[in-house]
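Dear colleague,

I am handing over the structure below, and my notes on it follow directly after. Please read them with the model open beside you.

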Amino acid sequence: MSVAWREQRHKTELCRVKDSPIIETEKQELKFLRYQSRKFWAHCAPLGIDTVYIGRRSAEGELEEITTLTTQELAEKSARWWRPEVMLSFMVELLSWLKKKTSEGVTYTVSYEGEGYSSQVKLVPAEQDELVRTVRASCPEE
């Protein structure tokens, strides 16, 4: 998994290279749409990376095919399960909280299990007690 650069007439474009198992069943397709596409989108869209190259691998780990999707296509295909606005809202809330709770020159560890809307985010400063905060993703009013 890496980030690659492509030059196009004085403009640098970023793309992301990911890998995923070959999709052979409806269950695997559902797993990709609900979970992997969300992670791929979150790793790319907020950074302005528009293109995701997905290397599809066999059970033995052999590269079988390459799929190219834009972050917009990932969001459109997965609209039934997640929305970019909610993910960005979560990111803004989390980063705002981190900014309030952290100090310059201190190293922190942040952990998040991400298994539900009320999962805890843990922030552990070096040699201090663990701080825990519950961050909820919320849907913007439509």
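Two salt bridges are present in this predicted model, a salt bridge being a side-chain nitrogen of Lys or Arg within 4 Å of a carboxyl oxygen of Asp or Glu. In one of them Asp-19 pairs with Arg-57, and their closest N and O atoms are 2.6 Å apart. Because Asp-19 belongs to strand 2 (residues 11-21) and Arg-57 to strand 3 (residues 51-57), this pair ties together parts that are 38 residues apart in sequence; helices (H or I, at least four residues) and strands (E, at least two) are DSSP runs, numbered from the N terminus. Asp-19 is partly exposed at 30% relative accessibility, as is Arg-57 at 28%, where buried means under 20% relative accessible area, exposed over 50% and partly exposed in between (1.4 Å probe, protein chains only). The other salt bridge joins Glu-85 and Arg-83, at 2.9 Å from N to O.

As for the basis of these values, residues are numbered from 1 along each chain as its sequence is written, and side-chain values use heavy atoms, with hydrogens and water left out. Since the model is predicted, local features need pLDDT of at least 70 and side-chain atom pairs count only at pLDDT 80 or more, whereas totals for chains, interfaces and linings use all residues.

Strand 3 runs antiparallel to strand 4 (residues 63-70), and seven bridges join them (strands pair if DSSP finds at least two bridges between them). The two strands form a hairpin with five residues between them, and in its turn Gly-61 has a positive phi of about 90°.

The largest nonpolar core has nine residues, including Phe-32, Phe-40, Cys-44, Ile-54 and Leu-69; such a core is a set of buried Ala, Val, Leu, Ile, Met, Phe, Trp, Tyr and Cys residues joined through side-chain atoms within 4.5 Å. Helix 1 (26-44) and strand 3 each supply at least two residues of this core, and the largest share, four residues, comes from helix 1. Apart from this core lies another, of six residues, among them Phe-90, Trp-97, Leu-98 and Val-121.

In helix 3, Pro-84, Val-86, Met-87, Phe-90, Leu-94, Trp-97 and Leu-98 are buried. Seen down the helix axis, these buried residues fall within an arc of 160° and so line one face of helix 3, the arc being that of the directions from the helix axis to the C-beta atoms. On the other side of helix 3, Val-92, Lys-99 and Lys-100 are exposed.

With best regards
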